[in-house]
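Thanks for coming, everyone. I'll walk through some helix packing first, then the sheets, then the overall picture. Please have a look at the sequence and structure now.

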Amino acid sequence: MIPEDEINRLTSQNEELKRKYQASVRYIRDKVDQLLSVMSTSPLKPEELDDETLIEVDPIGIVSNSFVQILRHLKRTNKKVQIANTNLEHEIMERKQAQEELIEIIDFFPDPTFVIDNDKKVIIWNKAMEAMTEVCKVDIIGKGDYAYTVPFYGEKRKQILDLLDGNDSNIANKYKDIKKKGNILYAETFCPALYGGRGAYVWTTAAPLFDEKGIRVGAIETIRDITEQVKTREALHDAYAELELRVQKRTAALNAANKALIAEIAERRQAEAELQLHSEILENMSEGVFMIHAGNGKIVYSNPIFESMFGYDSGELIGKHVSIVNALSGKSPEETAEEITQALNAHGTWQGQVKSIRKDGTTFWCNKNITTYNHSQYGKVWISINQDITDRKQLEDSLLKSEKNLKDITSSLAEGIYVEDENRHVTFMNKTVTNILGWTFEELADKDIHEVIHFQCNDGTPLQVEDCCMQNIFKTGVQYYSDNEFFTRKDGTVLPVSVLSSPILEDGKIVGIVTAFRDISERKRLEQEAIKAQKLESIGILAGGIAHDFNNLMQAIIMGIGVAKIYASQDDKANEILSNTEKVCATAKELSNRLLTFSRGGAPLKRPTSMAVLLRESAGLALSGSNIICDFSFPDTLCLAEVDEGQMRQVIHNLLINAKDAMPDKGRVAISAENVTFQKNNSLSLRAGRYLKISVSDQGKGIPQKYLSKIFDPYFSTKGMGSKKGTGLGLTICHSIIDKHGGTITVESRKGAGTTFHIYLPAAEGQIIKEEQMEEIKVVSHGRWRILLMDDEESVRDSVQKVLEAIGYETVTTATGEGAIEAYVKAQGALRPFDAVILDLTVRGGMGGDDAIRDLLKIDPGVKAIVTSGYKENPILKDFKKYGFVAALAKPYNIHGIQELLDTFLK
């Protein structure tokens, strides 16, 4: 018998094996059920098998077969999926390529453009936006929370895109002239953060974006820099009401394509959505856009705004030549298309204003901005952005016409006119300003006008802005006029001007100054000439009076010497002394002649003279004994001059003495002459006609600039005063002589570069007149001819009476014209008439010779009267016969002169 404990052990073991078997069967059944369920169909149904059968039918084989069926099913399914995936990828690639091209088109828009989604995140930021804001797209794409406003305003803030959601006065107040057309908003504003903080005025267009189901998916904003237009508008408003409104051309030629366009969108659905979004952007743009094939000029795309702008139905323009919509003013559509095509081929871009043609034949002005783009389908194309500017063009034409009329008026004025703003910048000036000062508007526009033309006084001292009466108008508001201001030309010279400056008011505030000025340099020069002439006239009157009195004194001395010589024996020592004294008197007589030349009278005794001969002779005498070499230059055709030789020799002598003094050791003097002709209103104020120009140049140290305007003044000298230095009358006498000859004298000098005097003398017609040499007259005694002598100077009466009586004439004297008439009548009554009468012209406090001769002619028409005077310039001396005299005798005269006259008329 088997032991009981062995039986118990085997029983336990059997129970254990049974439990394991049942567990294995359950595990296999579960796995087979799972595999057969996956296959959908199966060769065996596990629920139909008992546990033993399930174990016996090879469960591992069932699993293996199940996997084979699964793999075959997966392979067939995977092949279908691969075909579907290939088709889908191809479709997605085509859409992706179209999307990229669309993005490129938007990226090449000339106007800055960006797009945000409903979460206000930036999804597009084109190249023009990068250029304007200096923010790259990679730094802004995907950012929200108003990050896109920071490049414009320097802070995050709500802006015009938020007005698409509803009115908000806080936002609207930040824009100017907000307009709405359908769903599109237009407005103008200032963006202070643009261009690195310089800021800019912009015109912005905002519009919502919708998908194909009409659901809003975002918004687009297009921006245009109108800073120049705003500046022009404001400058026109500030200077003259509507003076200079200018329409600024669009800025910014398109840059070459950058390296990367946009990162590849990973998700296929996102790529498809964005492709649809960019299509909608073009369709919803506020400006007309169309694309032209560069090869044939035909339109290959146009957005709805463009079609509506030109009156065409959707798709009607596709395939039409671009000339159907464009024509430059005055040119045919074909000529317009050819001109724009040539520009695009040459430069790649074109911008301009074109008179465009609608479908119904009507025209309107359109502003076009065209750029070149390489399209994957069409190759080289031109994208044109169009804006209707008809209203603006009409306003421009009106303003330009008004501006032209105003400029035409101001340009014809003799006064220079300019307008300055509060910053002292010129906003307008007429052409006369340029003609007078040499500055152009472009050169002055950005400069401080005070610091350029009115920063110094006539003497060169600075004129500060706070001391400028013209600029003080900004403080006082009071109009300012001055006849004594000085402007500085572009070449640095100072110009005297008269100015009238008035404030420009706007709403009671001074916003600028308009200044009218006139060049008065010629008037100032004439005033100086007049003052100089008055000086010379005053001194001349004095000199003439001195010469008259001096001649009377010399007359008495000369006559006294003559009488003394008659009574002295020829070998007497006294005769020699008297002769020497007579020579001294001749020198004194020459001094008197100089004073008379300088006086307002002293008219020269002119006759045709060869200046070449006179200049050579005068130079030889003046430079005799010096180390100065004289160079002459005269043409063979040099005209004669109408001059007084004696006076002209004196002029040349004075100039050459000055040249010698300027070159004390040695040097050269150049003397030249030439024929010149002057027309009316010339710079030297000479009468029109032919002249001789004589130039005398030295190599001396020159005359300082500050003295040039004074050298012809009386008693002015750079040598000092004194008999061995200078009298200060040399150049004054030269000026007086030349002036009396109907000419003028000028000077040019530069320190260290010598001095040149230019003399202008009227040319003469005719031939040179040679002087006759007079023989010396011997004094002889005459019979008892009776002479009546009238002179108010007692010394003259006594000395001349002694001379006349010494040579045999009975002489009666009287001091006045009344006395002469009385004596003449008394002599006739006594039957002892006078054979000749000598009458002095000037009598202090009594009747002179000019009045006395009239009464004497009434008493005796045959009276032989000789006129005499110390005023050699008196016209009666030159035309004595006209007044009834038979001869004239200028004081001081000598015995030979008076004896010759008396012998002529009394023989």
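Let's start with helix α19, residues 611-622, and helix α20, residues 645-662. They pack at an angle of about 50°, and their axes are 9 Å apart. Axes here are lines fitted to C-alpha atoms, for helices over the stretch in contact, with angles from 0 to 180 degrees between N-to-C directions. That angle makes α19 oblique to α20. On this scale, under 35 degrees is roughly parallel, over 145 roughly antiparallel, 65 to 115 roughly perpendicular, and the rest oblique.

A quick word on where this comes from. This is a predicted model, in which local features need pLDDT of at least 70 and side-chain atom pairs count only at pLDDT 80 or more, while totals for chains, interfaces and linings use all residues. Residues are numbered from 1 along each chain as its sequence is written, and side-chain values use heavy atoms, with hydrogens and water left out. Helices (H or I, at least four residues) and strands (E, at least two) are DSSP runs, numbered from the N terminus.

Back to the pair. Which residues of α19 and α20 meet? From α19, they are Met611, Leu614, Leu615, Glu617, Ser618, Ala619 and Ala622. From α20, they are Glu645, Met648, Arg649, Ile652, His653, Leu656, Ile657 and Lys660. Contact means heavy atoms within 4.5 Å. By class, this contact of α19 with α20 has nine nonpolar, two polar and four charged residues. Nonpolar covers Ala, Val, Leu, Ile, Met, Phe, Trp, Tyr, Cys and Pro; charged covers Asp, Glu, Lys and Arg; the others, Gly among them, are polar. Remember the spacing rule: an α-helix has 3.6 residues a turn, so residues three or four places apart point the same way.

Next pair. Helix α23 (residues 817-829) and helix α24 (residues 849-859) cross at roughly 15°, and their axes come within 9 Å. They are therefore roughly parallel to each other. Gly817, Ile821, Tyr824, Val825 and Gln828 in α23 meet Ala852, Asp855, Leu856 and Ile859 in α24. That contact of α23 with α24 divides into six nonpolar, two polar and one charged.

Now helix α21, residues 730-740. Eight of its 11 residues are buried, so α21 is largely enclosed by the rest of the structure. Buried means under 20% relative accessible area, exposed over 50%, partly exposed in between (1.4 Å probe, protein chains only). The buried ones include Cys734, His735 and Ser736. After α21 comes glycine 742, with a positive phi near 80°.

Two strands pair if DSSP finds at least two bridges between them. β3 and β4 (residues 184-191) have four. Lysine 179 has tyrosine 186 in β4 as its bridge partner.

Further along, β16 (residues 494-506) runs antiparallel to β17, joined by 10 bridges. Leucine 505 stands opposite isoleucine 510 in β17. β16 and β17 form a hairpin with two residues between them, and aspartate 507 in the turn has a positive phi of about 55°. Strand β13 (residues 416-421) also runs antiparallel to β17 (residues 509-519), with six bridges. There, valine 419 stands opposite valine 514.

Finally, the whole protein. It has 26 helices and 29 strands. Of its 907 residues, 44% are buried.
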